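User: Hi! I'd like to learn how to read the place where two chains meet. Could you walk me through it?

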Amino acid sequence: MLQTNSLLPQMNKPKTILIGGKAGEGVKKAAQVIAALLCQNGYHVFQQDDYQSLIKGGHNFSGVSFAEEPVHTGYQKADLIVSLDKRSLQTHINDCNSGAIHCFNSDDCLQTMDQDSSVTLLGYPLNAMMKEVYSKPSNVSMAALAICFAWLGYSEELLCDTIAKEFKRDVEDNIRYAKEVFKLCHPDFLSTNLSIPQNSIPLLPGARLLSGNQAIAQGAWLAGLDFYYAYPMTPASSILHYLALKQQTYKTFAIHAESELAAANMAIGSVFAGARTAIGSSGGGFALMQEAFSLAGMAEAPLLCIVSSRPGPATGVSTYTAQEDLMFALYQGHGEFGRIVASPDSAARALTLTAELLSLAWEFQSPVILLTDKHLSESSADVAVSQVVESCSLPDEPNLTESTDTYNRYEFTDNGVSPLRFPGSDFGDDSLMIKWNSHEHHPSGLRTDSSESIKAMKDKRNLKSRGLQEATKNYQRIAVYGDSGPVVYAYGSTVLELREAAKHCSYKFRIVALIYLLPLAIDDLQDYIRDEAIVVEHSSTGTLATYLQQNLTLKIKKSILHYDGRPFDPIELALLIEEAIDA
Amino acid sequence: MRELGTNKENTWCTGCGNFGILNAVKKAINSLVAEGVPLADIVMTSGIGCHGKIFDYLALSGIYGLHGRAIATAEGIKLANPKLTVISFGGDGDSLGEGLEHTLFAAKRNIDLTLILHNNGNYGLTTGQFSPLSTLGYKGLSTPFGSIENPFRPIPLLIEAGATFAARGFSAKPDHLASLIHQAALHKGFSFIEVMQPCVSYNNNYTELNNTVKMLDIVPANLNQAIDLAGDSDNVYLGVFVRKQLPVYNESLLGSFIPVKERFTLAQRRKMLGS
C-alpha cells in the first residue's frame, strides 16, 4: 500500500542562491566562498556549477543550496539570483521561487523583462561602480558576494574579512568595490534578509566543504596513496590538481604524464616498486588506459582506477554529467580477469569507498575501479571529515617478510594471492628476483606458452578474483534510504538527487543505492526485488536497468532516463517518481 | 663474475645480435656490482618483440611490460624508489613507434634511467615488417614494394628531446657495448644507447655494419658536432656523443625523499585528515 509522505508539510525547502555570469568572472569561486561560510555557520550545503568548455565569456552559473537539514543536491529554482550580465538575467528570469529576489547588472541590461510578479527585480550599476574603484583589472564577482552577504544578513565587516582571506590579489580594490555594492543593496534587503547567525556554534563539528573529487583524493590518501598519475580530462582533473597541491604536506606525488597511456603504465611501475598508486580520467581517457588495465590484471598489480563520467561518446560534452560508462567500467580491459567496480553515492562515501577500494586492490593484488560522474566529482557538500575518517575501517598495510625459500612472484597459494615483495636492497638481498610479466607466465614470472601453465595461471587468477569479490561483503555494498514504499534503484550522484527528491514527493519510497556494482550484492538485494521497481539513471539506453535485469529476477515498472547532461532538479524528479508510482 | 642467467630456453635465431647485447649487459652489471651497486638495486623493464626476450634470460627483477610502454613503466619504478638503477630495453617499434612519446618525454624530463634501443631495422618477431628505423626502400610483408618513409635518426632525435647521455654501440662489439652500458647506468640523468644489431632472418646487415662502423675517439665538443656525427650516413660512429649534467626529474620532484620507504602510517594519515 502506498504511504503518503507525512514529513512533507514540515520539511523546509532549502534556500538556494544562484550566481550567473561569464566564464572568467569568478562565479564559481564566489559560490564556493559563500558555501564554505554557510558550512562554517552550521548549515548543510550543496554547491554545484554549470559551466561550458571555454575560459572566457559564455554563460556559467553556480548554485548554493542550504538548510538546517542535509541537502543532497542543488535546486534549479533560487531564492536569490545574482545575474552579472544580460545573458544571465535572460537565462534565469524564470528560475525564481515565489518571493525571490533577482539582482542584475543594470549597466548590461537596460530594460526589465517579463517576469513573475512575486519576484523582486533589483538592478544595480555594477560596471559603473567597478570603473570608479578599480585601476587594474576588475572583479565583478565581488558584487555578487556583496549582494549575497546582504541578503544572507551577514555584516559588511564579515564581507571584508572574507574577501581578505579568500582572494589573494587586489585585496584593497576588491574590498572597496564590495563595500560600495554592499552599501547600495543593503537597504533593499532590510526586511527580507535571512539573518543568518554569524557566530553560532557549528551544528556539524568538523564539517568541511568538500567536492567529490577532493573526497576521492583524501580517501585514496587515507589508504596510503603515494602516487597519482593522470592526463587532464574533465571532470576527473581536479583530483590531479588537488593532490598536486597537497604534495608537500601529504608526501604524495601527482604526476601529469604525457598521455593516459603513459600515466597507466607509469602507475604499474610505481606499484611494482611498492608504492600505492592510482590513475584517473573520464571515459575517453580511461579508454586509452584499457591496455594497461589488462596489464594490471595479468601482472597482478594492485591499481586503483578512477573514472568520472561525462556525456559521450568520444569527446562528448566535456563539462556536463552522465552515467553512460557503467558497462564500460564493468567490462574494462581485454582478456579475462577479475576486478571490482564501485560507485560512491555521496561525497562522504567517496572518501570511505575510495579508501576501501585501494585497500582491497592491495589485499588481492588486482585492479579496481571507482566509477563516478561529473555531478558528484565537481559538486561540493559539507562533510564531517574527522567523523568520516574515523568511521572508515581499513586493514593494516601488510608487513613484508623475508622468505627463506626461492621467491616466486606468482606462487600458487590456497586463495590465489601470491606473496608480494618489492625490489631493492632495502627490501631483500641479491637472491630476490621479482619478475612481473605481461605475458602468461610460470610462478617464477618467466614467460610460458605451455598449456598446463596457461590453464593453471588462469585458474589461480580466477580463484583470487573470487576472493576479491567475496571480500566486498566486509563492506557496505548497498545503502537503503527510506523505510517504506516502492523501491527505486540508482547509483552514483543519482542517489543524491533521489534523496533530495524524497523530501518533495507525495509518496514515500525507498532508494536502493548500489555502491558495489561488481559484484552486485545479490544476497543483500533479495529483500528489495519482490515488488516492481523503478530505476533512475543518467543514460539514454537504461544500462543500469538492463544490468539489474541481467542479474536479478526483477520486474521494472518504470525506467526514468535523464540524458541532457544536467543533474535532476529534485522537484522535477519528485514529480517523475510520483508519475512512475501512479502509473 | 655472476652468471646472471635463468633456466629459460633461449629462442633467439642463431647469430642474432641480441646475444651480443645480452653478454654486454651481463658484463656491465657485473662491473656495477663489483663497484658496490647491490644487484638487488638493479631492475629492468622491457617491451615486446625479439629484444624483449632479454627479460627471460636475465636474472634481474623487473617488468616485462607492454609493447611501447616499458619506458613509461621504468619511469614509474624510478619515481617510487629512486635508489634503484633502472635499465629499460626497447626495440625499434617499442621505443620509436608505439612508444615514441614515452621515449621523447623520458629524455625531456632527464629522468635518471637508461634506455637501450635494439636497432635491428625491422620488426623481427612479427616476421620482418618495416620499422621506424628501416631504410628507405626496405621491403617487408607490409611494404612489399619498398618503404616510402625515411627512418628516424635516433641519437639526434633523443639529443634534441633532452637526453644528457647518448651513445651508440654494436652488438658485434660486446666489450665496447658493455662499457657504454656501464657508463650509462652510472650517468645521472637520462641515458640513451642505440645498439646497431643485425637481424639474421630479415635484415642481415652484419657485413655492411662491420664495414662502416668507426670508433669515436672523444665525446664531440658540441651538440651540433654530435648530431652531425650521429647522423652521418656513410659512417656508423660508435661511442659517446653527448655526456652532460642537467637537473634530473626524479631529484627535482622528490629531493632526497624515497616514497616507498618514508611512508606515513594509517594512524598518522587519519590524524592529518581529521584535523
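Predicted model: local features only at pLDDT ≥ 70, side-chain atom pairs only at ≥ 80, totals over all residues.

User: Thanks! What area is buried between chain A and chain B?

Analyst: Here is the general idea: the size of an interface is often given as the accessible area lost when the parts come together. For chain A and chain B, about 4,800 Å² is buried, with carbon and sulfur atoms giving 59% of that area. On the chain A side, A:Trp221, A:Glu258 and A:Asp430 lose the most area to chain B, and together they make up 13% of what that side buries.

User: How many residues does each chain bring to the contact?

Analyst: Chain A brings 64 residues and chain B brings 54.

User: And how many salt bridges are there between the chains?

Analyst: A salt bridge pairs a Lys or Arg nitrogen with an Asp or Glu oxygen within 4 Å. Between chain A and chain B the count is 6. One of them links A:Asp226 with B:Arg263, where the closest N and O atoms are 2.9 Å apart.

User: What about polar contacts across the interface?

Analyst: The rule finds 32 residue pairs in polar contact there, both residues being at pLDDT 80 or more. Helix 10 of chain A gives the largest share of the chain A side that touches chain B, with 8 residues. By class, that side has 30 nonpolar, 20 polar and 14 charged residues.

Terms used. Residues numbered from 1 in each chain as written. Chains lettered and ligands numbered in written order. Heavy atoms only, no water. Contact = heavy atoms within 4.5 Å. Buried area = accessible area lost by both parts, 1.4 Å probe. Salt bridge = Lys/Arg side-chain N within 4 Å of Asp/Glu carboxyl O. Polar contact = N/O pair within 3.5 Å; in protein donor to acceptor, adjacent residues only side chain to side chain. Helix = DSSP H or I, 4+ residues; strand = E, 2+ residues; numbered from the N terminus. Nonpolar A, V, L, I, M, F, W, Y, C, P; charged D, E, K, R; others polar.
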